[in-house]
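Hi,

Here is the structure I promised to pass on. Could you look it over before we talk?

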Amino acid sequence: MKERIASPAKTIEILQKTGFRFAKKYGQNFLIDLHVLDKILKAAEIGPDSVCVEIGPGIGGLTQVLAENAAHVIAVEIDGRLIPILQENLADYPNIRLIQADFLKLDLKKTLEEDNVTVPIHVIANLPYYITTPIIMDLFESGIPLANMTVMVQEEVAQRMQAGPGTKDYGALSLAVQYYAEAEIVAYVPQNCFMPRPGVRSAVIRLRAYPEKPVQAKNEKFMFAVIRAAFGQRRKQLINSLSGAEGLNIPKEKAQEALQKMDLSPQIRGEALTLKQFADLADLLYTEQQHDA
Ligand code: SAM
């Protein structure tokens, strides 16, 4: 086994040797805990034929173990100063393609075609928190075949992604994620596992993509508009959140009728409904609107 880039001693050595200065705007907190690294690797369910896409490789701590366990790794790093460092650190791994780009602007479909990737990809990311959720949702919506995504996020965000009905963390993000994937927190990661230490606690969550969506809504966009409205004002009863939501055009009596048809209490709040119930509710309301149009 090669020396681990992510060990605290090696990381410090690389930083000193290269004189690298962390850029706050890129959320550069490098993982220096080999146990956490191992947990990420296990969670990603990588085999010798797997293709990994790593977003934000930093100095290559995770990239190294991915390359040792997968067939091919595409690593996308925004910070040009890290490219020569990565090239040197990962020189022994010919199965890594290093790309300097802002992942948000990269044409991933094209990149995968260029590399003749035909299997569902494993996405691994330890990213600045503010771009993680948009990246996850964009990837789900892109239609690119995904095996799973293993991502380090702020602890509260991981809890929201994993939460089920009736819990305080349950909301639009839980439903958006769980529409595409089975979500499971695989590790809680304290600040001292990073260099430099971030201001918040983190967690690693694995999102195993469903081969088929767990619910089939007549109109996906409309269903998500209903979900957003339902959680827009958490403390409100669902009927009032829906009828008060701008752009949805749901009269109070139609919302009432729909809940009645579903045998749900008129006092119910959005946080009590499952994804399936939201899909059914959205279908009833959508059919009604089409009928009236
Ligand atoms: N993967 C490394 C690790 O675990 O130690 C580094 C993680 S560090 C939290 C985040 C990395 O993502 C940094 O290397 C940063 O430069 C890179 N990054 C930030 N924004 C990015 C973007 N939009 N596209 C690609 N890389 C990005």
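The second largest pocket is lined by 14 residues, and nearest its centre lie K24, G27, Q28, N29 and P128. It holds about 230 Å³ of space. Its lining has 9 nonpolar, 4 polar and 1 charged residues. For the classes, Ala, Val, Leu, Ile, Met, Phe, Trp, Tyr, Cys and Pro count as nonpolar, Asp, Glu, Lys and Arg as charged, and the others, Gly among them, as polar.

Before you go further: this is a predicted model, where local features need pLDDT of at least 70 and side-chain atom pairs count only at pLDDT 80 or more, while totals for chains, interfaces and linings use all residues. Residues are numbered from 1 along each chain as its sequence is written, and side-chain values use heavy atoms, with hydrogens and water left out.

On a 1 Å grid over the protein atoms alone, a pocket is an open set of points with protein on both sides within 12 Å along at least five of seven lines, a cavity is a set where a 1.4 Å probe fits but cannot get out, and lining residues have an atom within 4 Å of a point. Points are joined across faces, edges and corners, and a volume is the space filled by probe spheres set on them.

The largest pocket comes to about 430 Å³. It is lined by 33 residues, with G56, P57, E77, N126 and L127 closest to its centre. Strand 1 (30-31), strand 2 (51-55), helix 3, strand 3 (72-77) and helix 6 (129-142) each give two or more residues to that lining. Helices (H or I, at least four residues) and strands (E, at least two) are DSSP runs, numbered from the N terminus. By class, the lining of the largest pocket splits into 20 nonpolar, 9 polar and 4 charged.

What lines the largest cavity? That would be K254, E257, A258, K261, L284, L285 and E288, around a volume of about 50 Å³. Helix 11 provides the largest share of this lining, 4 residues. The class count there is 3 nonpolar, no polar and 4 charged.

The second largest cavity, at about 40 Å³, has a lining of 7 nonpolar, 2 polar and no charged residues. Among the residues around it are I40, L62, N126 and T150. Strand 5 (121-126) and strand 6 (146-154) each supply at least two.

I40 and L62 turn up again where helix 2 meets helix 3: L37, I40 and L41 in helix 2 touch G61, L62, V65, L66 and N69 in helix 3 (contact means heavy atoms within 4.5 Å). Those residues are 6 nonpolar, 2 polar and no charged. The two helices (34-43 and 61-69) pack at about 45 degrees with axes 10 Å apart, so they are oblique to each other. Axes are lines fitted to C-alpha atoms over the stretch in contact, with angles from 0 to 180 degrees between N-to-C directions; under 35 is roughly parallel, over 145 roughly antiparallel, 65 to 115 roughly perpendicular, and the rest oblique.

Last, the backbone. M195 and P196 are joined by a cis peptide bond, omega about -10 degrees, and P196 sits in the loop between strand 8 (194-195) and strand 9 (202-209). N116 is not a glycine, yet has a positive phi of about 50 degrees.

Cheers
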